[in-house]
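Hello,

Here is the structure I promised to pass on. Have a look at it first, and my notes on its aromatic rings follow below.

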Amino acid sequence: MAYLYRISSLLIAPLLLLLGGCHVPSRVAIEGNGGRNAYNDVLQQSNNEQMLLNLVRLRYDDFPFFLEINNVTTTFTYGAKASGLVPIPGFTKQNPFELGGEVSWQNQPTIQYTPLDGHTFSNQLMTPVDLLTVQLLYNAGWDIERLVRLTIQSIDELTNAGGGTILLANTWDRFEKFVNMTRLMRYFQEMGELSIGIKMPKNCPDAKDCEANALQISFPANNQYSKDLAELLDAHIIHHDHYVVDLPMDYNKEVRVGIKPRSLLAIIGYLSLAVEVPKEHVRSGRVNESSDLEGELIDCKDVVGDLMVIKSSKCKPRDAYVWVKYGNYWYYIDNDDTRSKRTFVLLLQLYNLQSGDVPKNGPILTLPIGVG
């Protein structure tokens, strides 16, 4: 019996430790396959796929739809039980002493989705981008060429390309001038000599509760690039050796709008032209090719190809930044296409800013030039 007591003591002690430690180690819960980083990666990928899916939908004249993730919670459970077989001397095979251990744990996530429709959906998609948002993104380091081509539909007489399948008559030359203007602005940005400011309404008692009603642009007046950009922007005022341009959102004396921002829906429609549609879908009439009002076909690569390219394939791509299946085809952005990835990330940031309230009480920078 003494021998039996020694064996029982040696086996029962680990069992008590096993059963007494019924908790999930914090390192496993946070860093494991069900931890924070794992959820972070999955949710980010899901957001990317949703945006890409809506780009493809608009290219096929389908209606976009968004689901917002409101909340993610997870519950970790841990279990342990004893089992095993240890023979006791003097007993038969029908009377063994069983002892052992088994450990298991799992997590149970709960994700809450909210469909964006009705009033919320319309506001999010169809409200023009606030000029303050443009300034915030510029100050955050985004290149002005990419930013303006996505968020602005027109500046004075210069018209950006639209997101529909038919481009307005006589706008192609204006579009080329619009792109040239953004590239000149990018040149001065890289030189550190481009300033972007906003103007608030004079009759607004509290600036944080108002929307900007004009965008201000300032750049040096010291070389041929300056003259070219000034001509495109119709800039005449020089202040401290700099051209200064006020672009209001209302009509001027010549009944022209200085600047017209796009809505999020218009931005997504514009970038949907980056989708490379399979030829069989064009032949079958499932999707229309872009053309002008005279019926001349326009290659979409000439419109957005230098900003983003979304490829299509019948097979699932092996090395892609983001991919989604629509119908019988896979649509994706190459993982090594940094140009498209940057544009896609900017689109996601614009979506996030439009879906929430832009902080009106943030830093408001107005160029101290006293123009207008």
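**Notes on the aromatic rings**

Tyr 187 is partly exposed, at 27% relative accessible area (buried means under 20%, exposed over 50% and partly exposed in between, with a 1.4 Å probe and protein chains only). Tyr 225 is also partly exposed, with a relative accessibility of 42%.

Before going on, please note that this is a predicted model, where local features need pLDDT of at least 70, side-chain atom pairs count only at pLDDT 80 or more, and totals for chains, interfaces and linings use all residues. Residues are numbered from 1 along each chain as its sequence is written, and side-chain values use heavy atoms, leaving out hydrogens and water.

I counted rings of Phe, Tyr and Trp (its six-membered ring) as a pair if their centres lie within 6.5 Å, calling planes under 30 degrees apart stacked, over 60 edge-to-face and the rest tilted. That rule gives 8 aromatic pairs. In one of them, Tyr 187 and Tyr 225 are tilted, with 4.6 Å centre to centre and 50° between the planes. Tyr 187 belongs to helix H7 (residues 172–190) and Tyr 225 to helix H8 (residues 224–233), so their pair ties together parts 38 residues apart in sequence. Helices here are DSSP runs (H or I, at least four residues), strands likewise (E, at least two), numbered from the N terminus. Ring pairs also link Tyr 187 and Tyr 225 with Phe 188, Phe 219 and Tyr 243 into a cluster.

Phe 344, by contrast, is buried, at 0% relative accessibility.

Best wishes
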